[in-house]
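Here is a friendly note to read alongside the model. Please keep the sequence and the 3D view open as you go.

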Amino acid sequence: MTQPFQRVLLVSKYHDPSVLPGLRQLRDFLLARDMPTFLESQSAADIGDSLGLPLLSFAEADAGSDLVIALGGDGTLLGTARQTAQSGIPILGINQGRLGFLADLSINQINEALPPILEGHYQQDLRSILHAELWRSEERVHTGLAVNEVFIHKGGGESMIELQVQMDGRFVYTQRADGLIIATPTGSTAYAMSAGGPILTPTLAALLLVLICPHTLTARPLAVADSVEIVARLTASRQPAALSLDSHCSVPLEIGDEIVIRRASCAARFIHPEEENFFQILRGKLHWADSPGTD
């Protein structure tokens, strides 16, 4: 058994008022247990309602809460993880989205599943995060974190982009494609999986490089140790190209730009019910047929 939680910070899906009933249900549940409960300040601004709760920003959350409950889909959890990665506050996801691999519980399960977690009966795992820097003419013009993936892609039109990739200073390849995904194990079940990449178990110390519609049919997804530094240089493009981090930003690229990707020093900390396991999630989300017997 781990330590019980003492305070909770609620985070809602970005600009989605449909989460209000679920937030109210969570608020009522926590307050009925005399659990000090806060609402993240930007979430309150987005939904236009404080729910009668004291507000707390992510910057203040390190001292003011010891569990974040994020209500939404995987996108909500990814944004929350980027905001809390430096402080290491654990995150529990309540799913109110579509297909998702990070949010373990539905809002209808909280009465049964949440009390044991609050009392310290849970498991947790640390998920690696990527740190990306965009360099242009020896000037760093953008930096950010990605929990799922760093994505370099054509911004529009039909022509491919051309990328030269190095790893720890060693040349890997020059490829023409619609884009390149550099994914964490967490991101292996996101865009990388849709593009034909393998599924990695969440704690595997690896990164994925997955090309989108490569010109060369022999190009295949590549798994490498997460200790490497990857440098991708945009060498050709007939139309605007862009850099995206977890799909939450899009930064225009120019020919000659270099994107430097490495594992960040911080990590995302996710909380799960004690009985949860990754393969159970895969079977449920991907509708795999169960094997005979039990886990």
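The points below go from the whole chain to single pairs of side chains.

1. First, some ground rules: this is a predicted model, where local features need pLDDT of at least 70 and side-chain atom pairs count only at pLDDT 80 or more, while totals for chains, interfaces and linings use all residues. Residues are numbered from 1 along each chain as its sequence is written, and side-chain values use heavy atoms, with hydrogens and water left out.

2. Start with the fold. The chain has seven helices and 18 strands (DSSP runs numbered from the N terminus: helices are H or I with at least four residues, strands are E with at least two). Its radius of gyration is 20 Å, close to the 19 Å from the globule rule for 295 residues, so the chain is as compact as a globular protein of that length. Here the radius is taken over C-alpha atoms, and the rule is 2.2 Å times the number of residues to the power 0.38. Along the principal axes, the C-alpha atoms fill a box of roughly 60 × 50 × 30 Å.

3. Now look inside. Of the 295 residues, 52% are buried (buried means under 20% relative accessible area, exposed over 50%, partly exposed in between, with a 1.4 Å probe and protein chains only). Among contacts with a separation of 6 or more, 68% join residues 24 or more positions apart; a contact means heavy atoms within 4.5 Å.

4. Next, salt bridges. The whole structure holds 15 of them, each a side-chain nitrogen of Lys or Arg within 4 Å of a carboxyl oxygen of Asp or Glu. One of them joins D49 and R24, at 3.5 Å from N to O. D49 sits in the loop between α2 (41-47) and β3 (55-56) and R24 in helix α1 (residues 20-32), so the pair ties together parts 25 residues apart in sequence. D49 is partly exposed at 25% relative accessibility, and R24 is partly exposed at 34%.

5. Which residue forms a salt bridge with R27? The partner is D28, with the closest N and O atoms 3.0 Å apart. R27 is buried at 17% relative accessible area, whereas D28 is partly exposed at 43%.

6. Finally, find R82 and D246, whose side chains meet in a salt bridge of 2.8 Å, N to O. R82 lies in helix α4 (residues 74-84) and D246 in the loop between β16 (241-245) and β17 (250-253), so this pair ties together parts 164 residues apart in sequence. Both R82 and D246 are buried. Elsewhere, salt bridges with shared partners join E133, R140, E229 and R262 into one network.
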